[in-house]
Amino acid sequence: MKKHFSFLLILLSLTGFSQNLEFLVLDEITKLPIENVSLFYSKLNEGTFTNTEGKAVLKENKAALLISNPGYQDIILNPDQLKKSNTVFMNPQAVELDEVIVNSFDLKKALQYVSDNYNKLYVSTAFEKECNFKETLSVENKLKRLILTKVNWWGKSYELKKNYDELKLRLGAVEYSKNRALDILVDSPEENLPSGTGFIETKSLISVLYLNVFIKNFLISLNQFNSNVEKSAENEIIVSFETEWVKNKDVESRSVGKIVFDKQSKAIVEFVNEIEFKNRIVKKTTSITKKEFSYETLKNSTKHDFYKNNDNLWSLKSFFVTADLYIDYDKKRYFTSFENSIYVLKESPVKKVNNDGLINLEKPIYQSLPSNTITSNNSILLTEKEKEFIDKN
């Protein structure tokens, strides 16, 4: 009995000092919150990210914490510094426009270099990433769906092939899951159920996660485009781009965005691509009232962010995909927005994984809930708006 009691005391003493650290990350100049800042224990290969309010929570560890975001100077805090203040101010990188780079930078050539040297620049071996997956659906800027769950993403390599047999998504602990019916097709309840309120297809989401595929498709689709070196800082080159409008039947589209290159390795560390549409309209009819309604897609956007791991290779740290559209029904127009986000909390080299709790890639992720497998504790904090939505009856 005494031995058991002593063991319990030891266990309590070990776990009692483990706590969560809360952070608020602000711009040193504007004092505004910075979203999607990476807070990463480099030696442990795990961390978390700030939300739109610049807030984050992280398990305390006896390791140095790297705080980084493209366009800002990195901050490294040792364990003692982590306990002194929960507010962090980041300094924007000093911009030094290099006239040679500005005048000679060839975006297409830079993209082709990344594509040709992909395996030398990025993680290409089998891996498993513990991630936070977040999904939101808003109508007229009011939340209708909020999913936050852990997802384990395994890949045989960091290159996506034509088939999907070499990657697996497995659900972890579901933290928040709320899905309300849309206030649009009010007189047609069959189409107004939460399960039928639209989603970003999981298989298409997975395909754009892989940068090698994304770059190849981007290069193929490039027609005439303009690019401009916005900044040339100490370690980064930030390039904005804009393609010409292309017409396919009645639909017109173009891409606008920015790409951040690492100067030393020439790798892409951030890729933001927004596809704008004109006249991309799909018309349908409700099954009960036989009324016509339509979806007009305004834009789709993606964002890849990468970090350099302990092997000096770049690896995906977060990914966002959004879709904005109008839904027209019964002489009313509703602005609707979908967003799926993946935040990598921890990455490990893993050659094989089992098939327990796998997500069906043919279905939206929210339809695969729930599960009770627990992964990391470094959760992405909800914003005040999201908390209010969850707390509402």
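Helices and strands here are DSSP runs, numbered from the N terminus. The model is a predicted one.

Start with the largest pocket. Its volume is about 1400 Å³. The lining takes in 49 residues. Nearest the centre lie Phe-277, Arg-280, Thr-297, Asn-300 and Ala-323. Strand β17 makes the largest contribution, with 6 residues. By class, the lining of the largest pocket holds 23 nonpolar, 19 polar and 7 charged residues.

Now move to the second largest pocket. Its volume is about 500 Å³. Here 22 residues form the lining. Ser-68, Asp-74, Glu-236, Lys-308 and Trp-314 sit nearest the centre of this second pocket. Four strands each supply at least two lining residues: β2 (38–41), β5 (65–68), β17 and β18. The largest share again comes from β17, here with 3 residues. The lining of the second largest pocket divides into 8 nonpolar, 7 polar and 7 charged residues.

Next, look at strand β9, which spans residues 142–155. Asn-152 belongs to this strand. Is its place buried or exposed? The relative accessible area of Asn-152 is 5%. Buried means under 20%, so Asn-152 counts as buried. Its side chain has a partner. Asn-152 and Glu-128 are joined through their side chains by a polar contact of 3.1 Å.

Finish at helix α4, residues 107–116. Which of its residues are buried? They are Leu-107, Ala-110, Leu-111, Val-114 and Ser-115. Viewed down the axis of α4, these buried residues fall within an arc of 140°, so they line one face of the helix. Lys-109 and Asp-116 are exposed on the other side of α4. The start of the helix carries a contact as well. There, a side-chain oxygen of Asp-106 comes to within 3.2 Å of the backbone nitrogen of Lys-108.

Terms used:
Residues are numbered from 1 along each chain as its sequence is written. This is a predicted model: local features need pLDDT of at least 70, side-chain atom pairs count only at pLDDT 80 or more; totals for chains, interfaces and linings use all residues. Side-chain values use heavy atoms; hydrogens and water are left out. On a 1 Å grid over the protein atoms alone, a cavity is a set of points where a 1.4 Å probe fits but cannot get out, and a pocket is an open set with protein on both sides within 12 Å along at least five of seven lines; lining residues have an atom within 4 Å of a point. Grid points are joined across faces, edges and corners, and a volume is the space filled by probe spheres set on the points. Ala, Val, Leu, Ile, Met, Phe, Trp, Tyr, Cys and Pro count as nonpolar, Asp, Glu, Lys and Arg as charged, and the others, Gly among them, as polar. Buried means under 20% relative accessible area, exposed over 50%, partly exposed in between (1.4 Å probe, protein chains only). A polar contact is a pair of N or O atoms within 3.5 Å; within protein, one must be able to donate a hydrogen and the other to accept it, and residues adjacent in sequence count only if both atoms are side-chain atoms. The arc is that of the directions from the helix axis to the C-beta atoms.
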